[in-house]
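Here is my note on the model you sent. Please read it with the sequence and the coordinates open.

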Amino acid sequence: MGRPALGVRVSRIWDALKAAEQHRARAVERTEERELETHRGDRRHSKRVELNVPLFVYGANVFKQPFHEEAFTLDLNDGGCLVSLAEEVFLGQRLCLTNTENQAERECRVVHVSKRFQGRLRIGVKFFRADPQFWQS
């Protein structure tokens, strides 16, 4: 029996690499889905406070176009906040918040999106790491 041609060997390697890449992509998707499921319930580790803190919100809209918007928190806790936005965002999206009172910046993830009310979405965001100092003025 002869050895397989070089083209056949390369093709097998290519097929194996593509299969591994697809497997990895599915694993990443499942991990992100589990993370979002974890955040869907009310899993706050600190008390929610009704407080209006001015924010500057940066991100990309559903069309992947960058946006920035001035907003105010509706309520907050050490791990995130509820905020009203005019811009369309989606569950799992990453945003950057700037507290305009102290210039602190934090990256967060959208964990809740409600229906529009008076033209604005109410969204819940969670910091990647709880930070009560973010809210200090």
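1. Basis of the model. This is a predicted model: local features need pLDDT of at least 70, side-chain atom pairs count only at pLDDT 80 or more, and totals for chains, interfaces and linings use all residues. Residues are numbered from 1 along each chain as its sequence is written, and side-chain values use heavy atoms, with hydrogens and water left out.

2. Overall make-up. The chain has 1 helix and 6 strands. Helices (H or I, at least four residues) and strands (E, at least two) are DSSP runs, numbered from the N terminus. The order from the N terminus is α-β-β-β-β-β-β. Of the 137 residues, 31% count as buried. Buried means under 20% relative accessible area, exposed over 50%, and partly exposed in between, with a 1.4 Å probe and protein chains only. The accessible surface comes to about 9800 Å². Carbon and sulfur atoms hold 53% of this surface. The areas come from the Shrake-Rupley method with a 1.4 Å probe; for residues, only the protein chains shown count as cover. Contact means heavy atoms within 4.5 Å. Among contacts between residues at least 6 apart in sequence, 53% join residues at least 24 apart.

3. The barrel. The 6 strands close into a barrel in the order E1-E2-E3-E6-E5-E4, and the pairing is antiparallel. Two strands pair if DSSP finds at least two bridges between them. Neighbouring strands of this sheet are turned by 45° against each other on average, direction ignored. For such angles, axes are lines fitted to C-alpha atoms, for helices over the stretch in contact, and angles run from 0 to 180 degrees between N-to-C directions.

4. Strand E3 and its partners. E2 (residues 66-77) and E3 (residues 80-85) pair in the antiparallel sense over 4 bridges. They form a hairpin with 2 residues between them. Leu76 stands opposite Cys81 in E3, and Thr73 has Val83 of E3 as its bridge partner. E3 is also joined to E6 by 6 bridges, again antiparallel. There, Ser84 stands opposite Arg122 in E6.

5. Burial of E3. Is E3 enclosed or open? It is largely enclosed by the rest of the structure, because 6 of its 6 residues are buried. Both faces are covered. Gly80, Leu82 and Ser84 are buried on one side, and Cys81, Val83 and Leu85 on the other. Leu85 has a relative accessible area of 0%. Leaving aside neighbours within four places in sequence, its contacts are Val57, Glu69, Ala71, Arg116, Arg120, Leu121 and Ile123.

6. The core. The largest nonpolar core has 21 residues. Such a core is a set of buried Ala, Val, Leu, Ile, Met, Phe, Trp, Tyr and Cys residues joined through side-chain atoms within 4.5 Å. Leu55, Leu95, Leu97 and Ile123 touch the most other members. Strands E1 (54-60), E2, E3, E4, E5 (105-113) and E6 (121-127) each give two or more residues. The largest share, 4 residues, comes from E6. Beyond its neighbours within four places in sequence, Ile123 is in contact with residues including Cys81, Leu82, Val83, Leu85 and Val110.

7. Aromatic pairs. Rings of Phe, Tyr and Trp (its six-membered ring) pair if their centres lie within 6.5 Å; planes under 30 degrees apart count as stacked, over 60 as edge-to-face and the rest as tilted. Tyr58 is partly exposed, at 35% relative accessibility. Phe127 and Phe134 also pair edge-to-face, with 5.1 Å centre to centre and 70° between the planes. Phe127 is buried at 2%, and Phe134 is buried at 0%. Phe127, Phe134 and Trp135 form one aromatic cluster.

8. Thr98. This residue lies in strand E4 (residues 94-99). Thr98 is buried, with a relative accessible area of 5%. Setting aside neighbours within four places in sequence, Thr98 is in contact with residues including Phe56, Tyr58 and Phe134.
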